[in-house]
Amino acid sequence: MRRVRDRQERGDRKSRSPQCYLSLVWYLRAVAFVNFLAAVWVSFGNDIRRHNDDEFFTPYLLTAGFFSGSVALFLAVTMRRRKRAAWIFNLALAGLTLALGVLGMGFPVYRQHPQNWLSVVVTALFVAALLGGRREFRAKGDRSNPKLAASVAAGGFVVCSLLAAVLVTVTNTDPDAGRSTLVQRWHYGVLRMVSLAYDDIHFGSITTPGWANVLINIMSTVLVLLVLNTAFRSRRSVDAMTGEDLRNLRVLLERHGERDSLGYFALRRDKSVVWSPSCKSAITYRVVNGVSLASGDPIGDPEAWPGAIDQWLVQAREHGWAPAVIGAGEEGGTAYARRGLNALELGDEAIVDLGEFTLEGRAMRGVRQAYHRIERAGYVVRVRRHEDIPPQEMAELVRLADEWRDGESERGFSMALGRLGDAQDGRCVMVLCYDGERLHGLLSFVPWGDEGLSLDLMRRDRDSENGLFEFMVLKLIEHAEEFGIRQISLNFAMFRSVFERGSRLGAGPVLRLWRSLLSFFSRWWQIESLYRANAKYRPIWEPRYLLFENSADLLRITVASARAEGFLEAPRLPKWLNRQHMSGSAPER
């Protein structure tokens, strides 16, 4: 009977733990909302001020101001991500608040107010929820975080408090402003950094306008968020793939590489790898913006995929990363969905089946015309494996590819290898287009199993003729039999179905509006143009999916994906805030 009761008690604790976790998050969200509302609603803020002075005190973190609101909101976010450091911070701060409240209730002047009893009870319930939900907070941070956060807090406080003192001095409108000392103005500014609820009664010779107080409070808010972000941020990366990892991945690709056209891109050197228990499957990923970002389907035997996915999810939760997959295929997306992830269709991959491909017919008229126009202009194409290109010529090709690149950084993550001319990529195929002796364009394809190619890189001279890429692709198709190629994966067309269905007769107003918005944004991002560039080959469209665990993480995942693909640049911190400078650990890749 005792064993049965013990099991029941453990089961009750396990069932209560998630409830405590949710109650903590929602309490902090509610407090953040009230604090922000009180900061902009004057009369409401005055009520909180009246209930947070002298003989009164309020529940944990409840006070008026952007400072306290931002702290509560940030803690709500980090607690939702199950950060262990955030749990410890809340327990220490809430425990101290509760202890002071209980101590204060020992005096009659505080006991006589019902609000104080309510505040102590609410704070006590929060502390109890922290203790009851402690099992939920397992996400680890980086060991260098405390040291770096302390440095940021100390330096930032000195700078912000001095700026606040200067602002108070400049904006002080009191007739006796000269009576106040620098220390008093500094003290006043520090109090405004903490909360807008502090009364001015103790500073008779200091009167500042409301906008100055708000500006000081916002300045301190930025500092606190920076400190908390530094203290609670997840480990930004794990060990990169070793030489043995790369060799084992190549073995898996030799056996199962035909399953996914994106499989070869798992060999990018800015990725890490997690293996299934049997080592028959693996997932490669990169940590960006607190997101463990994988791409394509898992590598290896599909029967071992669940083991690799489970290991990857466990690692993500251990470090507080949001798990996400971009560009998963139908089979891989199904495997991820069965392990609890949600799927969202991103678009379609264009695959040309060479057995069915033909230039005949009215639908291919535009491609035929481009082909013959470039051919009449005297352009010729040469197709070779990378291993057959001499090193000096390859070095020149790399130089030209960098010169023709649009932008400073190399774009691509899910469908790009990120390197050209590496000796280990000898089975890749290079397509070069010449006008006499001058090179005008190049295409590089990675292997897709034994009988397929997947487009990795496409570059051309800006002075070359339009239709050059179409000519090069068709020439590759002509030479495909020499290389044993039966299928070619071209570019990924994002939101293809929207463009296709939105232009049809009878399309609904929502679909037409969505298509118009995408066409508008295509002025800056090649959304519609990529779709049309692929559609001209009459390809087979294979859907690709985004997999994610929580809808609340979609914005963070979108930003992380844009950074990984090279569309957004990562913010650069000063050297004294750089983790590598502080601890010598590797920076985020």
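This is a predicted model: local features need pLDDT of at least 70, side-chain atom pairs count only at pLDDT 80 or more; totals for chains, interfaces and linings use all residues.
Reader: Is Cys433 buried or exposed?
Author: Cys433 is buried, because its relative accessible area is 0% and the cut-off is under 20%.

Reader: And Cys160, buried or exposed?
Author: Cys160 is buried too, with a relative accessible area of 10%. Cys160 belongs to helix 7.

Reader: Which other residues of helix 7 are buried?
Author: Among them are Asn145, Leu148, Ala149, Val152 and Gly156. Further along, the list includes Ser161, Ala164, Ala165, Leu167, Val168 and Thr171.

Reader: What span should helix 7 have, and what do its ends give?
Author: Helix 7 covers residues 145-171, which is 27 residues. At 1.5 Å a residue, it should span 39 Å. The end C-alpha atoms are 37 Å apart, so the two agree.

Reader: Switching to strand 5. How many of its residues are buried?
Author: Seven of its seven. Strand 5 runs over residues 322-328 and is mostly covered.

Reader: How does strand 5 run against strand 3, parallel or antiparallel?
Author: Parallel, with five bridges to strand 3, residues 291-295. In strand 5, Val325 is the bridge partner of Ala294.

Reader: And against strand 12, parallel or antiparallel?
Author: Antiparallel. Four bridges join strand 5 to strand 12, residues 540-548. Ala324 stands opposite Phe548 there.

Note on methods. Residues are numbered from 1 along each chain as its sequence is written. Side-chain values use heavy atoms; hydrogens and water are left out. Buried means under 20% relative accessible area, exposed over 50%, partly exposed in between (1.4 Å probe, protein chains only). Helices (H or I, at least four residues) and strands (E, at least two) are DSSP runs, numbered from the N terminus. Two strands pair if DSSP finds at least two bridges between them. The expected span of a helix is 1.5 Å times one less than its number of residues.
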